[in-house]
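Hi,

Here is the structure I promised to pass on. Have a look at it first, and then read on for what turned up.

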Amino acid sequence: MNLAELTLVKASVLLRSGRISPVELTKAYLERIEGFDGALNSYITVTADMALERARTLEKELSCGRWRGPLHGIPVALKDNIDTAGVLTTGASELFASRIPNEDAEVVRRLEAAGSIMLGKLNLHEFGLGGTSATTHFGPVHNPWNLDYVPGGSSGGSAAAVAARLCGAALGTDTVASVRMPASFCGTVGLKATYGLVSTRGLIPLSQTLDHCGPLTRNVADSALMLQAMAGFDPLDPTSIRAEIPGYASALYATTTDLRIGIPRQPFYARLDPEVESLVETALARIATITASMQDVAFPELEGFAISSAEAYAWHAPYVRDESNHVFYQPQTLGRILSGAGISAVEYQRIRRRIEGSRRLARDLFEEVDLLITPTTPVLPGTIENALTHLPVEVPAPQIRNTMPFNILGLPTISVPCGLSSTGFPAGLQISGPRLGELDVLRLAHAYEQGTDWHNLRPPVG
């Protein structure tokens, strides 16, 4: 049995029954990291000794009849902008190359309480300020489907590691695209829940108004398990919300024949790569057979990208005001941070009011439909060479056009694989729902996934 091929759901059953042990599973992943991550560069820090010690502790708990839940003994990895007590947390920047936090982020505490094992910290686009994961002090992350190409970003290391079976699941952060874009480019599942449902306390922030934290996994069922452990009110996080936390796995067994599907053609289906368009249309035809109805719907024009620039500058201002620190940032990152300096307080407040108003009115999108379906990204991944030598012509870049609106609105959304291009790259289908509509998002995503084989495909590297 190849233990690293097990999904979280399957591994959990085997761990609880004693057919495999946390130590065995952890060693299997550490061996794969050693064997394959030299090509991918998905990890910044591998916490092998810590992981094995933790695995032995969890193994003893199982032998004594203590079972913490489905994540007991499951090895996971964390994007390196998520604080871990006593473990290097860099944001992929030279500025923080020696930064060791004193406390865990809230999501880390919750995953630890659920019994997970941390394998290490994952590479990313520096400070989350880009969509390629090529701009990083620790060297570019490589897409496991083709090493010359980017994995997307900013959670590129998270998606690459999950796709290549270098961890059971990973955490990423998502401000405008950063869980779902790399999920699409690497052929994994990426989930962003309702704004505030998962704590962002203890994350190196990009934009407090738009930041989310979510899992990257191999299938939808695994995402439901991860969300179950992560979701819930955090009284110390000012963005956290109080909400009833249902059993997310229940969505996996519910029928989808009552769901009404909305297709927002504009702007989400405009200027698509022809292969993305073909794969998504095929997916829509499949979904039409398992749902109640499908209709085109209008989607409002939204404003909000500038707020991420303003909030990123505000957080980095104590560092970038001292020009001697500029050499510790990648030039592209520094330029993006400094671009937020010119946004006035008046303009910032105006945009904040627009975002808050849009979020209140978001329920109107779901008066006649239950879910919205779009391509995750309009394009396929580009090369690392191009990412390092050419700045995006458009701001915001076209890669985030389809994902960013759901950060602005704070709505739950998931990317699931929907096919392979002729050049061998995955494409993603994005399913989005109303505020706190995670159950419907998960049940349609799972139903679609189970009717296809795309989630079973493996990249050639790893």
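A disulfide here is a pair of cysteine sulfur atoms within 2.5 Å. By that rule, the count for this predicted model comes to zero disulfides. Cys167 is in none, and its nearest cysteine sulfur, that of Cys186, is 11 Å away. Cys186 is likewise in no disulfide, with the sulfur of Cys167 as its nearest at 11 Å. Cys167 is buried, with a relative accessible area of 0%, and Cys186 counts as buried at 1%.

Now the aromatics, which I think you will enjoy. A search of the whole structure finds nine aromatic pairs. One of them is Phe96 with Tyr319: the ring centres are 5.5 Å apart and the planes are at 80 degrees, so the pair is edge-to-face. Phe96 sits in the loop between β2 and α4, while Tyr319 belongs to helix α10 (residues 305-320), so this pair ties together parts that are 223 residues apart in sequence. Phe96 is buried, with a relative accessible area of 8%, whereas Tyr319 is partly exposed at 27%.

Phe127 and Tyr329 make another pair, with centres 5.8 Å apart and planes at 45 degrees, so that one is tilted. Phe127 lies in the loop between β3 (117-122) and α5 (156-163), and Tyr329 in the loop between α10 and α11 (331-338), so parts that are 202 residues apart in sequence are tied together. Phe127 is buried at a relative accessible area of 3%, and Tyr329 is buried at 4%. With Trp315, the residues Phe96, Phe127, Tyr319 and Tyr329 form one aromatic cluster.

Arg16 lies over the face of Trp67, at 3.7 Å from the ring centre. Arg359 lies over the face of Tyr195, at 4.4 Å from the ring centre.

Two helices are worth a look as well. Which residues of α4 (residues 106-113) are buried? They are Glu106, Val107, Val108, Arg110 and Leu111. The cover over the buried residues of α4 includes β2 (75-79), β4 (169-174), β6 (212-217) and α7 (220-230). After α4 comes Gly115, whose phi is positive, near 100 degrees.

Helix α15 (residues 438-450) has 13 residues and should span 18 Å at 1.5 Å a residue; its end C-alpha atoms are 18 Å apart, which agrees. Among the buried residues of α15 are Glu438, Arg443, His446 and Glu449, as well as Val441 and Leu442.

Happy browsing!

Notes: Residues are numbered from 1 along each chain as its sequence is written. This is a predicted model: local features need pLDDT of at least 70, side-chain atom pairs count only at pLDDT 80 or more; totals for chains, interfaces and linings use all residues. Side-chain values use heavy atoms; hydrogens and water are left out. Helices (H or I, at least four residues) and strands (E, at least two) are DSSP runs, numbered from the N terminus. The expected span of a helix is 1.5 Å times one less than its number of residues. Buried means under 20% relative accessible area, exposed over 50%, partly exposed in between (1.4 Å probe, protein chains only). Contact means heavy atoms within 4.5 Å. Rings of Phe, Tyr and Trp (its six-membered ring) pair if their centres lie within 6.5 Å; planes under 30 degrees apart count as stacked, over 60 as edge-to-face and the rest as tilted. A charge sits over a ring if NZ of Lys or CZ of Arg is within 6 Å of the ring centre and within 35 degrees of the ring normal.
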